[in-house]
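Here's a quick briefing on the fold, topic by topic. Have a look at the model first, then read on.

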Amino acid sequence: MEKILVLDFGGQYNQLIARRVREQHVYAEIRPYHKITTADILKEGYKGVIFPGGPNSVYDETSPRFDPEILQAGIPILGICYGCQLMAWMAGGEICEANEISEYGKTEFTHTQSVLFRGVPEKSVCWMSHTDYVKRVPEGFNVTAVTGHCPAAAMENAARKLYAVQFHPEVTHTRFGREILRNFIFDICGCTGDWRMDDFAASTIAFYKEKIGDKKVVCALSGGVDSSVAAVLLHMAVGKNLTCIFVDHGLLRKDEGDFVEETFTKTFNMNLIRVNAQKRFLDKLRGVTEPEEKRRIIGEEFIRVFEEEGKKLGKVPYLAQGTIYPDIIESGSDKAATIKSHHNVGGLPDAIDFDEIIEPLRNLFKDEVRAVGEALGIPHALVWRQPFPGPGLAVRLIGEITEERVHTLQNADAIFREELEKAGCSKNASQYFAVLTDTKSVGVIGDARTYGHTVALRCVTTDDFMTAEWTRLPYDVLEKASSRITNEVHGVNRVVYDITSKPPATVEWE
Ligand code: XMP
(Lines give C-alpha, C1' and ligand atoms only; values in the text may rest on other atoms or scores of the structure.)
Protein backbone atom coordinates (compact mmCIF):
# COMPACT_ATOMS: atom_id res chain seq x y z
CA MET A 1 0.00 0.00 0.00
CA GLU A 2 1.34 3.44 -0.92
CA LYS A 3 1.77 5.60 2.11
CA ILE A 4 3.04 9.02 3.09
CA LEU A 5 4.52 9.77 6.48
CA VAL A 6 3.63 12.95 8.35
CA LEU A 7 6.13 13.50 11.13
CA ASP A 8 4.62 14.88 14.31
CA PHE A 9 6.59 17.91 15.48
CA GLY A 10 3.83 18.94 17.89
CA GLY A 11 2.01 21.21 15.42
CA GLN A 12 -1.72 21.75 15.13
CA TYR A 13 -2.11 20.83 11.48
CA ASN A 14 -0.78 17.26 11.37
CA GLN A 15 -4.22 15.68 11.16
CA LEU A 16 -5.37 18.14 8.56
CA ILE A 17 -2.35 17.34 6.40
CA ALA A 18 -3.00 13.60 6.79
CA ARG A 19 -6.64 14.14 5.73
CA ARG A 20 -5.62 16.19 2.72
CA VAL A 21 -3.32 13.38 1.60
CA ARG A 22 -5.96 10.71 2.20
CA GLU A 23 -8.48 12.74 0.23
CA GLN A 24 -6.21 12.12 -2.75
CA HIS A 25 -6.55 8.37 -2.12
CA VAL A 26 -3.10 7.93 -0.68
CA TYR A 27 -2.81 6.59 2.84
CA ALA A 28 -1.09 8.97 5.27
CA GLU A 29 0.21 8.17 8.70
CA ILE A 30 1.26 10.51 11.51
CA ARG A 31 4.12 9.40 13.73
CA PRO A 32 6.05 11.21 16.46
CA TYR A 33 9.38 12.35 15.03
CA HIS A 34 11.38 10.92 17.92
CA LYS A 35 9.94 7.43 17.57
CA ILE A 36 11.05 6.76 14.02
CA THR A 37 14.44 6.77 12.30
CA THR A 38 15.54 7.27 8.71
CA ALA A 39 16.21 3.54 8.50
CA ASP A 40 12.65 2.75 9.66
CA ILE A 41 11.23 5.16 7.10
CA LEU A 42 13.11 3.48 4.29
CA LYS A 43 12.38 -0.01 5.54
CA GLU A 44 8.69 0.62 5.91
CA GLY A 45 8.43 1.78 2.32
CA TYR A 46 6.99 5.28 2.65
CA LYS A 47 6.69 7.00 -0.71
CA GLY A 48 7.34 10.41 0.82
CA VAL A 49 7.65 12.32 4.05
CA ILE A 50 6.06 15.56 5.17
CA PHE A 51 7.79 17.73 7.74
CA PRO A 52 4.83 19.75 9.00
CA GLY A 53 4.62 22.87 11.10
CA GLY A 54 5.37 23.04 14.79
CA PRO A 55 5.36 25.67 17.49
CA ASN A 56 9.16 25.88 17.86
CA SER A 57 12.06 27.80 16.45
CA VAL A 58 14.88 25.71 14.98
CA TYR A 59 17.44 27.64 17.02
CA ASP A 60 15.81 26.52 20.23
CA GLU A 61 17.90 23.60 21.53
CA THR A 62 14.81 21.71 22.66
CA SER A 63 12.95 22.02 19.36
CA PRO A 64 12.11 18.87 17.39
CA ARG A 65 14.91 17.88 15.03
CA PHE A 66 15.40 14.98 12.68
CA ASP A 67 18.36 12.94 11.58
CA PRO A 68 19.93 14.93 8.67
CA GLU A 69 20.71 11.66 6.91
CA ILE A 70 17.13 11.61 5.72
CA LEU A 71 17.96 14.45 3.34
CA GLN A 72 20.45 12.19 1.58
CA ALA A 73 18.19 9.15 1.47
CA GLY A 74 16.56 9.93 -1.87
CA ILE A 75 13.09 9.89 -0.35
CA PRO A 76 10.90 12.86 -1.34
CA ILE A 77 10.29 15.33 1.49
CA LEU A 78 7.95 18.28 1.70
CA GLY A 79 8.66 20.77 4.47
CA ILE A 80 5.84 23.02 5.60
CA CYS A 81 6.34 26.14 7.77
CA TYR A 82 8.50 24.94 10.69
CA GLY A 83 9.26 21.88 8.55
CA CYS A 84 10.57 24.21 5.82
CA GLN A 85 12.82 26.00 8.28
CA LEU A 86 13.98 22.71 9.73
CA MET A 87 14.87 21.36 6.30
CA ALA A 88 16.83 24.54 5.51
CA TRP A 89 18.61 24.42 8.85
CA MET A 90 19.44 20.71 8.55
CA ALA A 91 20.91 21.30 5.08
CA GLY A 92 23.05 24.26 6.16
CA GLY A 93 20.82 27.24 5.28
CA GLU A 94 20.24 30.28 7.45
CA ILE A 95 17.09 30.96 9.40
CA CYS A 96 16.23 34.41 10.62
CA GLU A 97 14.78 34.61 14.07
CA ALA A 98 11.59 36.39 15.03
CA ASN A 99 10.85 40.11 15.03
CA GLU A 100 12.58 41.08 11.83
CA ILE A 101 9.59 39.93 9.86
CA SER A 102 6.48 37.98 10.67
CA GLU A 103 3.55 37.20 8.45
CA TYR A 104 0.15 36.00 9.48
CA GLY A 105 -2.89 35.37 7.34
CA LYS A 106 -3.61 35.52 3.64
CA THR A 107 -0.57 36.57 1.65
CA GLU A 108 0.12 36.76 -2.07
CA PHE A 109 3.02 34.68 -3.30
CA THR A 110 4.72 34.48 -6.68
CA HIS A 111 6.39 31.30 -7.85
CA THR A 112 8.82 30.27 -10.55
CA GLN A 113 8.72 27.06 -12.55
CA SER A 114 8.54 24.02 -10.30
CA VAL A 115 6.87 20.64 -10.39
CA LEU A 116 5.43 21.54 -6.99
CA PHE A 117 3.52 24.46 -8.48
CA ARG A 118 2.26 22.74 -11.63
CA GLY A 119 -1.22 24.07 -12.41
CA VAL A 120 -0.89 26.92 -9.90
CA PRO A 121 -1.11 30.47 -11.34
CA GLU A 122 2.13 32.44 -11.08
CA LYS A 123 0.58 34.63 -8.40
CA SER A 124 -1.95 33.37 -5.88
CA VAL A 125 -2.94 33.55 -2.23
CA CYS A 126 -1.44 31.40 0.49
CA TRP A 127 -1.85 31.20 4.26
CA MET A 128 1.17 32.32 6.23
CA SER A 129 1.69 31.92 9.94
CA HIS A 130 5.29 32.35 10.97
CA THR A 131 7.78 34.55 12.70
CA ASP A 132 11.02 32.81 11.68
CA TYR A 133 11.87 32.49 8.00
CA VAL A 134 14.54 31.11 5.71
CA LYS A 135 16.96 33.95 4.98
CA ARG A 136 19.46 31.98 2.92
CA VAL A 137 18.57 28.67 1.30
CA PRO A 138 21.09 25.82 1.66
CA GLU A 139 23.59 25.06 -1.06
CA GLY A 140 22.04 23.15 -3.91
CA PHE A 141 18.57 24.60 -3.23
CA ASN A 142 16.70 27.15 -5.38
CA VAL A 143 14.17 29.68 -4.21
CA THR A 144 10.94 28.84 -6.01
CA ALA A 145 8.53 31.34 -4.48
CA VAL A 146 8.60 34.69 -2.70
CA THR A 147 6.16 36.98 -0.93
CA GLY A 148 6.48 40.69 -0.16
CA HIS A 149 8.18 39.82 3.12
CA CYS A 150 9.58 36.37 2.62
CA PRO A 151 12.63 35.96 0.39
CA ALA A 152 12.18 32.16 0.31
CA ALA A 153 8.47 31.37 0.54
CA ALA A 154 9.36 28.08 -1.18
CA MET A 155 12.62 26.32 -1.97
CA GLU A 156 13.69 23.06 -3.50
CA ASN A 157 16.52 20.78 -4.40
CA ALA A 158 14.78 18.85 -7.14
CA ALA A 159 17.68 16.48 -7.71
CA ARG A 160 17.41 15.29 -4.12
CA LYS A 161 13.58 15.49 -4.16
CA LEU A 162 13.53 18.02 -1.33
CA TYR A 163 10.77 20.63 -1.42
CA ALA A 164 9.58 23.13 1.13
CA VAL A 165 7.03 25.89 1.50
CA GLN A 166 6.91 28.48 4.24
CA PHE A 167 3.11 28.71 3.97
CA HIS A 168 0.40 26.14 4.73
CA PRO A 169 -0.92 24.32 1.65
CA GLU A 170 -3.19 22.17 3.84
CA VAL A 171 -5.54 24.99 4.89
CA THR A 172 -8.30 26.07 2.54
CA HIS A 173 -7.16 29.71 2.67
CA THR A 174 -4.25 28.66 0.44
CA ARG A 175 -6.18 28.89 -2.80
CA PHE A 176 -4.22 26.20 -4.66
CA GLY A 177 -3.06 24.22 -1.63
CA ARG A 178 -4.68 21.01 -2.83
CA GLU A 179 -2.88 21.23 -6.16
CA ILE A 180 0.44 21.76 -4.39
CA LEU A 181 -0.07 18.71 -2.19
CA ARG A 182 -1.31 16.71 -5.14
CA ASN A 183 1.83 17.61 -7.13
CA PHE A 184 3.98 16.47 -4.25
CA ILE A 185 2.13 13.21 -3.74
CA PHE A 186 1.75 12.19 -7.37
CA ASP A 187 4.46 13.91 -9.42
CA ILE A 188 7.22 13.97 -6.85
CA CYS A 189 6.52 10.90 -4.69
CA GLY A 190 5.16 8.92 -7.62
CA CYS A 191 2.00 7.72 -5.89
CA THR A 192 -0.89 6.48 -8.01
CA GLY A 193 -3.73 7.13 -5.58
CA ASP A 194 -5.12 3.63 -5.27
CA TRP A 195 -6.12 3.71 -1.62
CA ARG A 196 -9.84 3.12 -1.17
CA MET A 197 -11.92 2.34 1.87
CA ASP A 198 -12.95 -1.03 0.49
CA ASP A 199 -9.24 -1.85 0.12
CA PHE A 200 -8.81 -0.84 3.71
CA ALA A 201 -11.71 -3.08 4.72
CA ALA A 202 -10.46 -6.06 2.68
CA SER A 203 -6.86 -5.75 3.82
CA THR A 204 -7.86 -5.23 7.45
CA ILE A 205 -10.12 -8.29 7.38
CA ALA A 206 -7.32 -10.36 5.84
CA PHE A 207 -4.84 -9.02 8.38
CA TYR A 208 -6.97 -9.97 11.39
CA LYS A 209 -7.97 -13.31 9.92
CA GLU A 210 -4.29 -14.17 9.79
CA LYS A 211 -3.37 -12.58 13.11
CA ILE A 212 -6.23 -13.96 15.18
CA GLY A 213 -6.56 -17.31 13.45
CA ASP A 214 -8.84 -19.52 15.52
CA LYS A 215 -8.24 -17.68 18.78
CA LYS A 216 -11.04 -15.76 20.45
CA VAL A 217 -11.76 -12.05 20.45
CA VAL A 218 -14.03 -10.06 22.67
CA CYS A 219 -15.29 -6.80 21.26
CA ALA A 220 -16.44 -3.91 23.36
CA LEU A 221 -19.63 -2.92 21.60
CA SER A 222 -21.41 0.29 22.47
CA GLY A 223 -23.74 0.35 19.48
CA GLY A 224 -22.16 3.57 18.26
CA VAL A 225 -20.75 3.88 14.74
CA ASP A 226 -17.13 3.16 15.65
CA SER A 227 -17.55 0.06 17.73
CA SER A 228 -20.22 -1.25 15.33
CA VAL A 229 -17.92 -0.92 12.33
CA ALA A 230 -15.03 -2.46 14.29
CA ALA A 231 -17.26 -5.36 15.32
CA VAL A 232 -18.57 -6.04 11.81
CA LEU A 233 -15.04 -5.88 10.42
CA LEU A 234 -13.82 -8.42 12.95
CA HIS A 235 -16.91 -10.57 12.52
CA MET A 236 -16.04 -10.82 8.84
CA ALA A 237 -12.50 -11.81 9.80
CA VAL A 238 -13.19 -14.40 12.50
CA GLY A 239 -16.94 -15.07 12.49
CA LYS A 240 -18.19 -16.81 15.61
CA ASN A 241 -14.80 -16.52 17.30
CA LEU A 242 -15.83 -12.97 17.94
CA THR A 243 -18.09 -12.32 20.88
CA CYS A 244 -19.40 -8.84 21.36
CA ILE A 245 -19.98 -7.72 24.87
CA PHE A 246 -22.44 -4.93 25.14
CA VAL A 247 -22.40 -3.32 28.53
CA ASP A 248 -25.59 -1.56 29.35
CA HIS A 249 -24.23 0.86 31.94
CA GLY A 250 -27.57 2.56 32.32
CA LEU A 251 -26.21 5.70 30.70
CA LEU A 252 -27.51 5.02 27.22
CA ARG A 253 -30.09 6.99 25.31
CA LYS A 254 -33.71 6.09 25.80
CA ASP A 255 -34.49 2.54 24.56
CA GLU A 256 -31.01 2.23 23.08
CA GLY A 257 -30.07 -0.98 24.86
CA ASP A 258 -32.85 -2.92 23.16
CA PHE A 259 -32.06 -1.43 19.76
CA VAL A 260 -28.41 -2.47 19.97
CA GLU A 261 -29.23 -5.98 21.11
CA GLU A 262 -31.72 -6.49 18.33
CA THR A 263 -29.51 -5.06 15.58
CA PHE A 264 -26.49 -7.20 16.31
CA THR A 265 -28.22 -10.45 17.08
CA LYS A 266 -30.88 -10.25 14.35
CA THR A 267 -29.26 -8.24 11.52
CA PHE A 268 -25.71 -9.44 11.93
CA ASN A 269 -26.19 -12.78 13.63
CA MET A 270 -23.29 -12.17 15.96
CA ASN A 271 -22.51 -13.66 19.32
CA LEU A 272 -23.64 -10.93 21.66
CA ILE A 273 -23.71 -10.81 25.42
CA ARG A 274 -25.70 -7.98 26.92
CA VAL A 275 -24.57 -7.21 30.45
CA ASN A 276 -27.09 -5.30 32.47
CA ALA A 277 -24.74 -3.43 34.76
CA GLN A 278 -26.78 -0.32 35.42
CA LYS A 279 -26.69 -0.58 39.17
CA ARG A 280 -23.01 -1.41 39.32
CA PHE A 281 -22.08 1.74 37.38
CA LEU A 282 -24.44 3.98 39.29
CA ASP A 283 -22.99 2.75 42.58
CA LYS A 284 -19.46 3.51 41.45
CA LEU A 285 -20.43 6.95 40.21
CA ARG A 286 -22.36 7.99 43.29
CA GLY A 287 -21.27 11.44 44.48
CA VAL A 288 -18.75 11.91 41.63
CA THR A 289 -19.02 15.22 39.77
CA GLU A 290 -15.56 15.75 38.30
CA PRO A 291 -15.67 14.95 34.54
CA GLU A 292 -12.31 13.23 34.23
CA GLU A 293 -13.07 11.17 37.31
CA LYS A 294 -16.38 10.03 35.76
CA ARG A 295 -14.57 9.03 32.59
CA ARG A 296 -11.91 7.17 34.52
CA ILE A 297 -14.42 5.27 36.64
CA ILE A 298 -16.53 4.28 33.65
CA GLY A 299 -13.48 3.28 31.61
CA GLU A 300 -12.18 1.13 34.43
CA GLU A 301 -15.53 -0.44 35.21
CA PHE A 302 -15.96 -1.29 31.54
CA ILE A 303 -12.73 -3.21 31.55
CA ARG A 304 -13.65 -5.02 34.75
CA VAL A 305 -16.95 -6.11 33.24
CA PHE A 306 -15.19 -7.30 30.11
CA GLU A 307 -12.62 -9.21 32.09
CA GLU A 308 -15.34 -10.96 34.05
CA GLU A 309 -17.40 -11.78 30.97
CA GLY A 310 -14.29 -12.70 29.00
CA LYS A 311 -13.24 -15.18 31.68
CA LYS A 312 -16.57 -16.92 31.37
CA LEU A 313 -15.72 -17.50 27.71
CA GLY A 314 -12.43 -19.28 28.48
CA LYS A 315 -9.09 -17.95 27.29
CA VAL A 316 -9.68 -14.80 25.27
CA PRO A 317 -6.41 -13.23 24.24
CA TYR A 318 -7.77 -10.25 22.35
CA LEU A 319 -9.93 -7.32 23.31
CA ALA A 320 -11.18 -5.24 20.38
CA GLN A 321 -12.26 -1.62 20.64
CA GLY A 322 -13.64 0.96 18.25
CA THR A 323 -11.02 3.61 18.99
CA ILE A 324 -10.62 6.06 16.13
CA TYR A 325 -7.96 8.59 15.31
CA PRO A 326 -9.45 11.70 16.94
CA ASP A 327 -9.82 9.73 20.21
CA ILE A 328 -6.10 9.19 20.22
CA ILE A 329 -5.18 12.73 19.29
CA GLU A 330 -7.54 14.28 21.80
CA SER A 331 -6.42 11.99 24.58
CA GLY A 332 -3.00 13.56 24.19
CA SER A 333 0.06 12.28 22.37
CA ASP A 334 3.52 12.87 23.80
CA LYS A 335 3.50 16.35 22.39
CA ALA A 336 -0.10 17.53 22.30
CA ALA A 337 -2.02 18.64 25.37
CA THR A 338 -4.70 16.35 26.82
CA ILE A 339 -8.13 17.81 26.20
CA LYS A 340 -10.21 15.01 27.64
CA SER A 341 -9.46 11.35 28.08
CA HIS A 342 -11.75 9.45 25.79
CA HIS A 343 -12.73 6.42 27.70
CA ASN A 344 -11.44 3.89 25.24
CA VAL A 345 -7.93 5.33 25.37
CA GLY A 346 -7.00 7.55 28.27
CA GLY A 347 -9.19 5.87 30.85
CA LEU A 348 -7.79 2.37 30.49
CA PRO A 349 -6.46 1.05 33.75
CA ASP A 350 -2.98 -0.45 33.79
CA ALA A 351 -3.96 -3.98 34.74
CA ILE A 352 -5.77 -5.56 31.83
CA ASP A 353 -6.28 -9.25 31.67
CA PHE A 354 -6.24 -9.56 27.90
CA ASP A 355 -2.98 -10.18 26.07
CA GLU A 356 -3.54 -7.52 23.48
CA ILE A 357 -5.90 -4.74 22.53
CA ILE A 358 -7.00 -4.61 18.92
CA GLU A 359 -8.08 -1.29 17.46
CA PRO A 360 -8.72 -1.77 13.75
CA LEU A 361 -9.93 1.80 13.21
CA ARG A 362 -7.31 3.64 15.21
CA ASN A 363 -5.89 5.43 12.18
CA LEU A 364 -9.18 6.53 10.68
CA PHE A 365 -11.17 9.71 10.91
CA LYS A 366 -14.90 9.52 11.50
CA ASP A 367 -15.93 10.04 7.89
CA GLU A 368 -13.46 7.35 6.86
CA VAL A 369 -14.96 4.96 9.42
CA ARG A 370 -18.35 5.59 7.84
CA ALA A 371 -16.93 4.91 4.40
CA VAL A 372 -15.60 1.58 5.70
CA GLY A 373 -19.03 0.85 7.16
CA GLU A 374 -20.62 1.48 3.76
CA ALA A 375 -17.98 -0.67 2.06
CA LEU A 376 -18.83 -3.49 4.47
CA GLY A 377 -22.51 -3.21 3.62
CA ILE A 378 -23.61 -2.11 7.08
CA PRO A 379 -27.11 -0.59 6.88
CA HIS A 380 -27.10 3.10 6.12
CA ALA A 381 -29.07 4.01 9.23
CA LEU A 382 -26.41 2.51 11.44
CA VAL A 383 -23.44 3.86 9.50
CA TRP A 384 -24.82 7.39 9.62
CA ARG A 385 -25.92 7.18 13.19
CA GLN A 386 -24.67 10.13 15.15
CA PRO A 387 -21.74 9.34 17.41
CA PHE A 388 -22.31 8.62 21.05
CA PRO A 389 -19.50 8.85 23.61
CA GLY A 390 -18.31 5.75 25.43
CA PRO A 391 -19.07 7.21 28.87
CA GLY A 392 -22.58 7.86 27.58
CA LEU A 393 -24.92 10.25 29.31
CA ALA A 394 -22.46 10.56 32.20
CA VAL A 395 -20.69 13.32 30.27
CA ARG A 396 -24.02 15.00 29.51
CA LEU A 397 -25.17 15.02 33.11
CA ILE A 398 -23.33 17.89 34.70
CA GLY A 399 -22.87 17.22 38.38
CA GLU A 400 -23.97 14.13 40.19
CA ILE A 401 -25.34 11.07 38.40
CA THR A 402 -28.48 9.57 39.89
CA GLU A 403 -31.09 7.29 38.39
CA GLU A 404 -33.63 10.08 38.47
CA ARG A 405 -31.36 12.56 36.70
CA VAL A 406 -30.55 9.93 34.05
CA HIS A 407 -34.28 9.49 33.34
CA THR A 408 -34.83 13.22 33.15
CA LEU A 409 -32.04 13.55 30.62
CA GLN A 410 -33.12 10.50 28.59
CA ASN A 411 -36.63 11.92 28.23
CA ALA A 412 -35.51 15.44 27.31
CA ASP A 413 -32.97 14.05 24.86
CA ALA A 414 -35.50 11.76 23.18
CA ILE A 415 -37.89 14.68 22.64
CA PHE A 416 -35.20 16.91 21.17
CA ARG A 417 -34.01 14.22 18.79
CA GLU A 418 -37.53 13.35 17.77
CA GLU A 419 -38.45 16.97 16.98
CA LEU A 420 -35.27 17.59 15.08
CA GLU A 421 -35.66 14.46 13.00
CA LYS A 422 -39.35 15.09 12.37
CA ALA A 423 -38.49 18.55 11.03
CA GLY A 424 -35.90 17.04 8.66
CA CYS A 425 -33.03 18.92 10.34
CA SER A 426 -30.92 15.89 11.14
CA LYS A 427 -29.45 15.77 7.62
CA ASN A 428 -27.35 18.88 8.25
CA ALA A 429 -26.52 18.05 11.81
CA SER A 430 -23.67 15.75 12.79
CA GLN A 431 -24.59 15.33 16.42
CA TYR A 432 -27.48 16.56 18.52
CA PHE A 433 -28.44 15.84 22.09
CA ALA A 434 -29.60 17.27 25.37
CA VAL A 435 -27.49 18.02 28.42
CA LEU A 436 -28.83 18.18 31.95
CA THR A 437 -27.00 21.08 33.55
CA ASP A 438 -26.44 21.50 37.27
CA THR A 439 -28.20 24.86 37.21
CA LYS A 440 -31.59 25.26 38.80
CA SER A 441 -33.68 28.32 38.21
CA VAL A 442 -36.98 29.90 39.13
CA GLY A 443 -39.96 29.49 36.88
CA VAL A 444 -43.71 29.79 37.01
CA ILE A 445 -46.47 27.35 36.12
CA GLY A 446 -50.01 28.65 36.44
CA ASP A 447 -49.78 30.78 39.55
CA ALA A 448 -47.16 28.67 41.25
CA ARG A 449 -43.44 29.23 41.56
CA THR A 450 -41.18 26.43 40.40
CA TYR A 451 -37.50 25.83 41.02
CA GLY A 452 -36.42 23.40 38.39
CA HIS A 453 -33.66 21.98 36.22
CA THR A 454 -32.15 23.62 33.16
CA VAL A 455 -31.72 21.48 30.05
CA ALA A 456 -29.26 22.61 27.38
CA LEU A 457 -29.73 21.52 23.78
CA ARG A 458 -26.63 20.97 21.65
CA CYS A 459 -26.48 20.47 17.90
CA VAL A 460 -23.28 20.66 15.87
CA THR A 461 -22.22 20.29 12.28
CA THR A 462 -18.79 18.92 11.48
CA ASP A 463 -16.88 16.61 9.17
CA ASP A 464 -14.32 15.24 11.55
CA PHE A 465 -15.30 16.32 15.10
CA MET A 466 -11.91 17.97 15.54
CA THR A 467 -13.66 21.27 14.98
CA ALA A 468 -17.42 21.85 14.86
CA GLU A 469 -19.92 24.62 14.20
CA TRP A 470 -23.09 24.99 16.21
CA THR A 471 -25.99 24.30 13.88
CA ARG A 472 -28.37 27.11 12.97
CA LEU A 473 -31.57 25.24 13.76
CA PRO A 474 -34.88 26.88 12.85
CA TYR A 475 -36.45 28.70 15.79
CA ASP A 476 -39.73 26.83 15.46
CA VAL A 477 -37.95 23.49 15.91
CA LEU A 478 -36.20 24.80 19.01
CA GLU A 479 -39.41 26.24 20.30
CA LYS A 480 -41.33 22.99 19.81
CA ALA A 481 -38.60 21.00 21.56
CA SER A 482 -38.43 23.51 24.39
CA SER A 483 -42.14 23.57 25.03
CA ARG A 484 -42.46 19.80 24.86
CA ILE A 485 -39.53 19.29 27.24
CA THR A 486 -40.87 21.72 29.84
CA ASN A 487 -44.35 20.22 29.52
CA GLU A 488 -43.46 16.55 29.39
CA VAL A 489 -40.30 16.15 31.43
CA HIS A 490 -40.93 16.40 35.11
CA GLY A 491 -38.76 18.89 36.99
CA VAL A 492 -37.45 20.84 33.97
CA ASN A 493 -38.56 24.48 33.76
CA ARG A 494 -35.93 26.00 31.47
CA VAL A 495 -34.34 25.04 28.13
CA VAL A 496 -31.35 26.79 26.54
CA TYR A 497 -29.58 26.28 23.21
CA ASP A 498 -25.79 26.03 23.13
CA ILE A 499 -24.38 28.44 20.52
CA THR A 500 -20.70 27.67 20.95
CA SER A 501 -18.50 26.16 18.30
CA LYS A 502 -15.51 23.88 18.84
CA PRO A 503 -13.06 25.39 19.61
CA PRO A 504 -13.34 27.01 22.11
CA ALA A 505 -15.94 24.55 23.44
CA THR A 506 -15.87 20.81 22.85
CA VAL A 507 -18.85 18.93 21.46
CA GLU A 508 -19.70 17.25 24.72
CA TRP A 509 -20.03 19.34 27.84
CA GLU A 510 -17.67 17.17 29.82
P1 XMP B 1 -15.52 16.31 22.07
O2 XMP B 1 -16.45 16.49 23.23
O3 XMP B 1 -14.18 15.79 22.48
O4 XMP B 1 -16.19 15.20 21.18
O5 XMP B 1 -15.43 17.53 21.22
C6 XMP B 1 -15.76 14.85 19.89
C7 XMP B 1 -16.54 13.61 19.51
O8 XMP B 1 -16.11 12.51 20.31
C9 XMP B 1 -17.21 11.98 21.05
N10 XMP B 1 -16.69 11.60 22.37
C11 XMP B 1 -16.31 10.36 22.71
N12 XMP B 1 -16.33 9.21 22.02
N13 XMP B 1 -15.44 8.05 23.89
C14 XMP B 1 -15.90 8.06 22.61
O15 XMP B 1 -15.93 7.01 21.99
C16 XMP B 1 -15.40 9.16 24.65
O17 XMP B 1 -14.97 9.14 25.78
C18 XMP B 1 -15.86 10.37 24.02
N19 XMP B 1 -15.95 11.66 24.45
C20 XMP B 1 -16.47 12.38 23.41
C21 XMP B 1 -18.22 13.09 21.10
O22 XMP B 1 -19.53 12.59 21.30
C23 XMP B 1 -18.02 13.74 19.75
O24 XMP B 1 -18.66 13.02 18.75
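**The fold in brief**

Helix H5 (residues 197-212) lies across S12, S15 and S16, and runs at about 160 degrees to S16. Contact here means heavy atoms within 4.5 Å, while axes are lines fitted to C-alpha atoms, for helices over the stretch in contact, with angles from 0 to 180 degrees between N-to-C directions. Helices (H or I, at least four residues) and strands (E, at least two) are DSSP runs, numbered from the N terminus.

Keep in mind that this is a predicted model: local features need pLDDT of at least 70, side-chain atom pairs count only at pLDDT 80 or more, and totals for chains, interfaces and linings use all residues. Residues are numbered from 1 along each chain as its sequence is written, and side-chain values use heavy atoms, with hydrogens and water left out.

**Domains**

- The protein splits into domain 1 (3-188), domain 2 (197-383) and domain 3 (402-497), with bounds that come from an automatic or database domain assignment.
- The centres of domain 2 and domain 3, taken over C-alpha atoms, are 28 Å apart.
- Their contact takes 11 residues from domain 2 and 12 residues from domain 3.

**The five-strand sheet**

- This open sheet of 5 strands has parallel pairing and the order S14-S13-S12-S15-S16; two strands pair if DSSP finds at least two bridges between them.
- Strand S14 (271-276) and strand S16 (356-358) sit at the edges with a single partner strand each, so one side of each has no neighbour in the sheet.
- Neighbouring strands of this sheet are turned by 25 degrees against each other on average, direction ignored.
- Strand S12 (residues 217-221) pairs with strand S15 (residues 318-320) in the parallel sense over 3 bridges, and Val-218 stands opposite Leu-319 in S15.
- Helix H9 (residues 291-312) packs on the sheet too, touching S12, strand S13 (242-248), S14 and S15, and its direction makes about 135 degrees with that of S13.

**The nine-strand sheet**

- Here the pairing is mixed, in an open sheet of 9 strands ordered S2-S1-S3-S4-S11-S10-S9-S6-S7.
- Its edge strands are strand S2 (27-32) and strand S7 (123-130), each pairing on one side only.
- S1 and S2 run parallel, joined by 6 bridges, and Ile-4 stands opposite Ala-28 in S2.
- The chain goes from S1 through H1 to S2 in a right-handed β-α-β crossover (with the strands pointing away from the viewer, the path from the first strand over the helix to the second runs clockwise).
- S4 and S11 also run parallel, with 4 bridges; Leu-78 has Tyr-163 in S11 as its bridge partner.
- Helix H3 (residues 82-90) lies across S3, S4, S7, strand S10 (154-157) and S11, at about 120 degrees to S4.

**Helix H4**

- H4 (residues 177-188) has 12 residues and reaches 15 Å from its first C-alpha to its last, close to the 16 Å expected at 1.5 Å a residue (1.5 Å times one less than the number of residues).
- Its buried residues (under 20% relative accessible area, 1.4 Å probe, protein chains only) include Ile-180, Leu-181, Phe-184 and Ile-188.
- Among the elements covering the buried residues of H4 are helix H1 (14-23) and strand S6 (103-111).
- Just after H4, Gly-190 takes a positive phi of about 80 degrees.

**Val-435**

- Val-435 belongs to strand S17 (residues 431-445) and counts as buried because its relative accessibility is 0%.
- Leaving out residues up to four places away in sequence, Val-435 touches residues including Arg-396, Leu-409 and Trp-509.

Definitions and conventions: Buried < 20%, exposed > 50% of the residue type's maximum accessible area, 1.4 Å probe, protein only.
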